[in-house]
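Subject: Structure handover

Hi,

Here is the structure I promised to pass on. Please open it and keep it beside you while you read my notes.

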Amino acid sequence: MEKPPELDLEKHKAIRILGKGAMGTVFLVHDISTDPTARSPFALKVVQRSKHDADRRARWEIGVLKTLSPPDPALQHPFLPRLLGCLETPDLLAWAVPFCPGSDLNVLRYHQNDHVFSPSVIRFYLSEILCALQYLHSLGIVYRDLKPENILIQHSGHATLTDFDLSRNLKKKPPSEILADDKKVPNSLPQFTARRKHRLKFFRWIPVVPDNKYNYALKKAKSARVSPVRRRKLSFSNEERSNSFVGTEEYVSPEVVRGDGHEFAVDWWAFGILTYEMLYGRTPFKGKNRKETFRNVLTKEPKFMGQPNALTDLIGRLLQKDPEKRLGYHGGACEIKEHAFFRGVRWDLLTEVLRPPFIPPRDDGDLTTEVSPGNFDIREYFQSSKAPNPKSMPPSPLSDHRRNVSFTGY
Ligand SMILES: Nc1ncnc2c1ncn2[C@@H]1O[C@H](COP(=O)(O)OP(=O)(O)OP(=O)(O)O)[C@@H](O)[C@H]1O
């Protein structure tokens, strides 16, 4: 991407806080001059530069987002965010991305019966995340922070990854992710192009699907529904999950716990944990404390309930302690796409064929009236939050849930 458009805090006012992480605060923002009734709000992540390491991490995340934002929006990866603009003041760094009104996969799962997703819903979201990770890896970027909280639901109901501050550039690309088409597409842009206006089509990502004893995958695209999220009741204080020096503890791979370095395979491990959590409503290695969690990660095998099937087989192959034995290590995302669980998935038509399980309700009203007193100034927010008794601001429905904290090692 060329230089992203400059934002202006005189004109861009916050409607509410969407979320708070270790590093930044994310606001729902609109341009009061061009969009006074907030028909097209966007998300603005704001980082206080004085916070430890915040400046470096924010610049890194902006850099990654620039890489993910080709000049032609039609070539934007459908499951990765587009950088809409940036802003720098002596105190703050901020950048804008599209607003995802459907909250995140953790919140969505929490509102399902028994707090779990059905296999077809799991297949839908995993397919999209797999494509997003494949594209990141093809750019040499290892994501390192895969967890449900970082998978947001767009207006369309499709998933998107957020939060790239823990990602790293491994300089080399996994050989399997250098797709044949990269030779034809400059800068490794994803293998999709505009087919019709606003509809993107993947092509040449269709895997060779092996015959397998498990017949779990969808033969025909069928829509899988999930319960809608009851908006504004999304506090997760009792479900908080903290992030350790190596990312979110329950998602950390054995090689990272051992300090053996890391490769793209850490993302495939986390992909396995994510799948397990979507299926059973909990992660497989969680202990009473960090020490026990890490011991479980190193020594315990994941427990599966019920009959083995393609989904449990997939999880088992992703949760191999030895990264070299892990699904995806040698063959990257293509190898995972070929697993029986994904049989029948039309990778070239992901954005078109399947109806997303959950489509956020449209906010047709005037968003600015939704919270009193309406707009607020972001600079004032940070100034008042420095004061001993900060002025109260519209609360975030998501602000309490599992946090990211600092990440210094690995
Ligand atoms: N585009 C968006 N649309 C809607 N909500 C968003 C968007 N981006 C972020 N959020 C909300 O803000 C929260 C914090 O964002 P993000 O994870 O990017 O911040 P962070 O400070 O890097 O957090 P972490 O501690 O996880 O590193 C997210 O969990 C999500 O709830």
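What percentage of the 410 residues of the protein count as buried? The figure is 57%. Here, buried means under 20% relative accessible area, exposed means over 50%, and partly exposed lies in between (1.4 Å probe, protein chains only).

Two notes on the source. This is a predicted model, in which local features need pLDDT of at least 70 and side-chain atom pairs count only at pLDDT 80 or more, while totals for chains, interfaces and linings use all residues. Residues are numbered from 1 along each chain as its sequence is written, and side-chain values use heavy atoms, with hydrogens and water left out.

**Overall**

The protein has nine helices and 13 strands. These are DSSP runs, numbered from the N terminus: helices are H or I with at least four residues, and strands are E with at least two. Now take contacts, meaning heavy atoms within 4.5 Å. Among contacts between residues at least 6 apart in sequence, 73% join residues at least 24 apart.

**Lys45**

Start with Lys45, which sits in strand S3 (residues 42-48). UniProt, in an unreviewed entry, places the feature "binding site" at Lys45. UniProt positions are given in the numbering used here, feature names are shortened, and annotations may be inferred rather than shown by experiment.

Why does Lys45 count as buried? Because its relative accessibility is 14%. Leave out residues up to four places away in sequence, and Lys45 touches Met23, Thr25, Val26, Glu61, Leu93, Ala94, Trp95 and Asp163. With Glu61 there is also a polar contact of 3.2 Å between the side chains. A polar contact is a pair of N or O atoms within 3.5 Å; within protein, one must be able to donate a hydrogen and the other to accept it, and residues adjacent in sequence count only if both atoms are side-chain atoms.

**Ala54**

Ala54 belongs to helix H1 (residues 54-67). Ala54 is buried, at 2% relative accessibility. Its contacts, not counting residues up to four places away in sequence, are Met23, Val47 and Gln48. Ala54 and Leu80 are 26 residues apart along the chain, and their C-alpha atoms are separated by 22 Å.

**Helices H5 and H7**

Next, look at H7 (residues 310-318). Seven of its nine residues are buried, so H7 is largely enclosed by the rest of the structure. They are Ala310, Leu311, Thr312, Asp313, Leu314, Ile315 and Leu318. These buried residues pack against H3, H5 and helix H8 (332-337). At the start of H7, a side-chain oxygen of Asn309 comes to within 2.9 Å of the backbone nitrogen of Leu311.

How do H5 (residues 265-280) and H7 pack, and at what angle? The angle is about 145°, with the axes 8 Å apart. Axes are lines fitted to C-alpha atoms, for helices over the stretch in contact, and angles run from 0 to 180 degrees between N-to-C directions.

From H5 come Trp268, Trp269, Phe271, Gly272, Thr275, Tyr276, Leu279 and Tyr280. They meet Leu311, Thr312, Ile315 and Leu318 in H7. The residues of this contact divide into nine nonpolar, three polar and no charged. Ala, Val, Leu, Ile, Met, Phe, Trp, Tyr, Cys and Pro count as nonpolar, Asp, Glu, Lys and Arg as charged, and the others, Gly among them, as polar.

**Two serines in helices**

Ser138 is in helix H3 (residues 119-138). Its relative accessible area is 3%, so Ser138 is buried. A polar atom of its side chain lies 2.6 Å from the backbone oxygen of Tyr135.

Ser384 is in helix H9 (residues 378-386). Ser384 is also buried, with a relative accessible area of 14%. Its side chain reaches the backbone oxygen of Tyr381 at 3.0 Å.

**Two positive phi values**

Ala38 lies in the loop between strand S2 (24-31) and S3. Its phi is near 55°, a positive value in a residue other than glycine. Ala38 is buried, at a relative accessible area of 3%.

Ser103 lies in the loop between strand S5 (92-98) and helix H2 (105-110). Its phi is positive too, at about 60°, although Ser103 is not a glycine. Ser103 is buried, with a relative accessible area of 8%.

Best wishes
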